[in-house]
Amino acid sequence: MKTQIIGVLGLGIFGQTIATELSSFGQDVIALDNNSTTIDSLADQVTKAAVGDITDIEFLRSAGIDTCDSVIIATGEHLESSALALLQCKKLGITNIIAKATNNNYEEVLYGMGANWVITPERSTAKELASNILRYNISNVFHLEDDVALIELKIPNEWAGKSLHTLNLRQTYNVNVIGFRDEENGKLNTHFDPTNKLPTEGIILVVADNRTLEKFDYLGYLK
């Protein structure tokens, strides 16, 4: 699986949370901010951390932002800084730019400048964003309690043509299969033979520790 390189520009609560979440899932994170204290506190939790002006294209290039698969502009309080950072990322050829906005007007401006996705988050949304960026097969997560969730995922290629008995998912991923759908939002089938081979397409529903299963998905083991 190809590890993504993700730049996080601006390290307030949201920026720090998304940077550490992405890093915890094995991604290469480049974290940038103009506050040296913040950078020092985060340096050992990400791939690279640097102090500088996120609106300066030469600083961004020297930090490696031009190598990123995605960039998250996590400073949303000052529209000018966010807009300039977005513009510089576009100049560097970044094709997936996500920006934070604090209100609808800022959101409209950032979309107009070419942001792929504009969000108005804080800590909880940052964790959800980390999941959305990295998911391959998981389509829905319905939290039941703590880290236990009902998870819908596309049948991974590696599972197709194999039976649940052979895959031994409970032992391998600590999940319990409860049903299948022929397609997303299709009718749920809870009556199945664990010795039958899985189809190449469809949705499988499991109850699992969502953090564990999502991490397998992020790392590409469920492709």
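In strand 5, Ile 97 is the bridge partner of Val 71. This pairing belongs to a predicted model. Strand 5 covers residues 97-100 and runs parallel to strand 4, to which three bridges join it.

Strand 4 (residues 70-73) also pairs with strand 1 (residues 5-9). The sense is again parallel, and the pairing of strand 1 with strand 4 extends over four bridges. Here Val 8 stands opposite Ile 72 of strand 4.

The side chains of strand 4 were examined next. Ser 70 and Ile 72 point one way, while Val 71 and Ile 73 point the other way. All four of these residues are buried.

The helices give a second contact. Helix 4 spans residues 79-91 and helix 5 spans residues 104-112. Their axes come within 10 Å and cross at roughly 15°. Angles under 35 degrees count as roughly parallel; helix 4 and helix 5 are therefore roughly parallel to each other. The crossing of helix 4 past helix 5 is right-handed. On helix 4, the contact is made by Leu 79, Ser 82, Ala 83 and Leu 86. Helix 5 contributes Tyr 106, Val 109 and Leu 110. By class, six residues in this contact are nonpolar and one is polar. No charged residue takes part in the contact of helix 4 with helix 5.

Methods: Residues are numbered from 1 along each chain as its sequence is written. This is a predicted model: local features need pLDDT of at least 70, side-chain atom pairs count only at pLDDT 80 or more; totals for chains, interfaces and linings use all residues. Side-chain values use heavy atoms; hydrogens and water are left out. Axes are lines fitted to C-alpha atoms, for helices over the stretch in contact, and angles run from 0 to 180 degrees between N-to-C directions. Helices (H or I, at least four residues) and strands (E, at least two) are DSSP runs, numbered from the N terminus. Angles under 35 degrees count as roughly parallel, over 145 as roughly antiparallel, 65 to 115 as roughly perpendicular and the rest as oblique. A crossing is left-handed if the near helix is turned anticlockwise from the far one by less than a right angle, and right-handed if clockwise. Contact means heavy atoms within 4.5 Å. Ala, Val, Leu, Ile, Met, Phe, Trp, Tyr, Cys and Pro count as nonpolar, Asp, Glu, Lys and Arg as charged, and the others, Gly among them, as polar. Buried means under 20% relative accessible area, exposed over 50%, partly exposed in between (1.4 Å probe, protein chains only). Two strands pair if DSSP finds at least two bridges between them.
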